[in-house]
Amino acid sequence: MNWARGGFLVPFFCFGTLAPGFASEAWQYPEDIPVIAPVSVGLAGEQPADIVRYLMARGATLMAISPDGSQVAFGDRVSGETQLWIVDAQGGWPRQLTFGKGIRSARWAPEGHALLVARDTDGDEREGYYLLSADGLKEREVLPPTDAFRSFGMFSPDGNSILFASTERNGRDFDLYTTNLKSGETKMVYEGSFGFYARAWQPGGRLIIVDETRGEDGNDVHLLDLDTGEMRPLFQPEQASSHKNYQWLPDGSGFYLSTNNGRDFSGLAFVALDSANITYLETPELNVEDVKLSGDGRYLVWKENHDGYSRLKVRDLESGSTSDGPDDLPRGVYSIDLARSAHRLSVRVSAPAIPGDVHVIDLSSGALSRPVPSSLAGLDPKTFVQPESLRYKARDDVNLQGFLYRPPKADSLEKVPVVVRVHGGPSSQAKPTFRAQIQYLVNHGIAVFDVNVRGSTGFGKRFASLDNQEKRLDSVRDLVDTVEFLKTVDGIDAERAGVMGGSYGGYMVNAVLGSYPGVFAAGASFVGVSDWVRALEEASPALKASDRIEYGDIREERWQEFYAENSPINNADRINVPLFVEHGANDPRDPVGESDRIVQTVRDLGGEVTYLRFPDEGHGIGKQANRVAFNRALMAFLEQHLRGDASSAQH
């Protein structure tokens, strides 16, 4: 899991004790606490459609195929909050398995009799673990939630234990623990510092592949011997590199992975334990992602990142042949899961008009089924806009990229306003996935440019490092250059440009409005940083583990001075356009005080701020009623300040 400031759950997207000034702080403006009221969804076929229709469009969220490939577990928000469902891999009527709150993830036990479900409380990301039978009739608490943060690793190969990372010891560092599912005994197997995470258990063996965080998009790799407790370094390259998706051979003699160790882009590689060297098998000039190996070692599956779109690759290791996925698999952004004891691959597809279909591919026959179709909630799929990928140069000749979504009925003689959307992370990538906000805006006459500024992933290791530490403000400047580029695009009125973003994207909004006044006509910041010194000092433990490389170690005086001078709060007096701010009071990544401070500062100076401060949310909005309240207010804000009309978002 990527713990970066980019896991904004809805609509955009990234542990220990409560930090000073956290959710317990009182807030003096009760009118900023949203009041949830019943709303109408409007009539089917009504144009333009109400924002609630777009929010009700839904598909699978989390997805996991059973070990024997016969069933798919998936998350669905039909009840208003994400719940876990299960369906036959060939299709049929799904069954709801969970009925509580805070579902964050689910993993199948090796024998397929149960799932390990992780839950938190109102978005606080402090997970408890629960073992749920596959028929949904039996559930027991394995580990209750505490003040500690946990990161689930995996089941033991025999299914008797689980391995996970936790900050239980001191609220700061992630240590590794095992819990015996029969006896309930939990014991620490490795004491870490900052971020150590268990990734893959050697089949039938004692070795665990462990990641040590080295920045947001880099990690060192170690082998932990569970018998002796010895942690042996495996890869600690001079330049921080990414190592992911470890897939052990059935005999445990080596593993496949994706890595950019020694390269700019991540390739497909293999490591034999007797040599501990990386041997590259596929090295395209783009990223290899999400490597999977069937339990019998026959099929090797991976994705390639083609300008944000996924391309599936399947290699039969018996014949040596490599093929793409089925022709009728929709184009989009994929997440994949491979059955442990069957040749079946599940593929979740997200695309501009697909909220989250799940397909299952029989790798032996090529047969394709779609057990989980998504729903557009009565919206006409023909009205959903496909983006165009555009590339341009920043003022220092760095190549930037973004996806432009144009209103479908835009008159070429009449220019339309535009919203520049900034993703979180910053180690993340704008991709052509389903986004209710984007489709609503373009169908209401406002274009959206989903931008990848420097520091984004998907364009090589060098590009991802271009905003590190002292270069932080270069990415903020990219937003100014983006508006200059949009002035050259036919049909776009960049004089009426807004900017919005969540998490790290929220920081970018706060920063660009104060550092470059006059560029944007309005801004919307969600769970964003305003004071880097406090944000880095108060960050959750997982973020502290990565922040040292991305931002610099805030314990050092040089970085305290740098961020004291270069935080958005210092330029808040220069924010001279309407500002929209949202934050959840339980946010463990960017504490709510970050938004409180910039809202208070701008208001004290006479600025215009709309603030939604949710008491029951965290670093994202998980509850459907809150999503509706948030998006109604946001869409009205953008329409008012970019189109001069606040009425259409609020029926």
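Select strands E1 to E4 first. In this predicted model, they form an open sheet in the order E1-E2-E3-E4, and the pairing is antiparallel. Colour the edges next: E1 covers 63-65 and E4 covers 95-96. Each has a single partner strand, so one side of each is left without a neighbour in the sheet.

Show Trp85: its bridge partner in E4 is Gln96.

Move on to helix H10, residues 624-643. What distance separates its end C-alpha atoms? They are 27 Å apart. At 1.5 Å a residue, 20 residues should span 28 Å, so the two values agree. Then step just past the helix to Gly644, where phi is positive, about 80 degrees.

Zoom out to the whole chain. Cartoon view holds 10 helices and 36 strands. The radius of gyration is 24 Å, close to the 26 Å of the globule rule for 651 residues, so the chain is as compact as a globular protein of that length. Along the principal axes, the C-alpha trace spans about 65 × 55 × 50 Å.

Finish with burial, surface and charge. Of the 651 residues, 63% count as buried. The chain exposes about 24200 Å², with 47% of that supplied by carbon and sulfur atoms. Colour by charge: there are 66 positive and 90 negative side chains. How far apart do the centres of the two sets lie? The centres are 2 Å apart.

Notes
Residues numbered from 1 in each chain as written. Predicted model: local features only at pLDDT ≥ 70, side-chain atom pairs only at ≥ 80, totals over all residues. Heavy atoms only, no water. Helix = DSSP H or I, 4+ residues; strand = E, 2+ residues; numbered from the N terminus. Expected span 1.5 Å × (residues − 1). Rg over C-alpha atoms; globule rule 2.2 N^0.38 Å. Buried < 20%, exposed > 50% of the residue type's maximum accessible area, 1.4 Å probe, protein only. Areas by Shrake-Rupley, 256 points an atom, 1.4 Å probe, with all protein chains shown as cover. Lys, Arg positive; Asp, Glu negative; His and termini not counted. Charge placed at Lys NZ, Arg CZ, Asp CG, Glu CD. Pairing = 2+ DSSP bridges.
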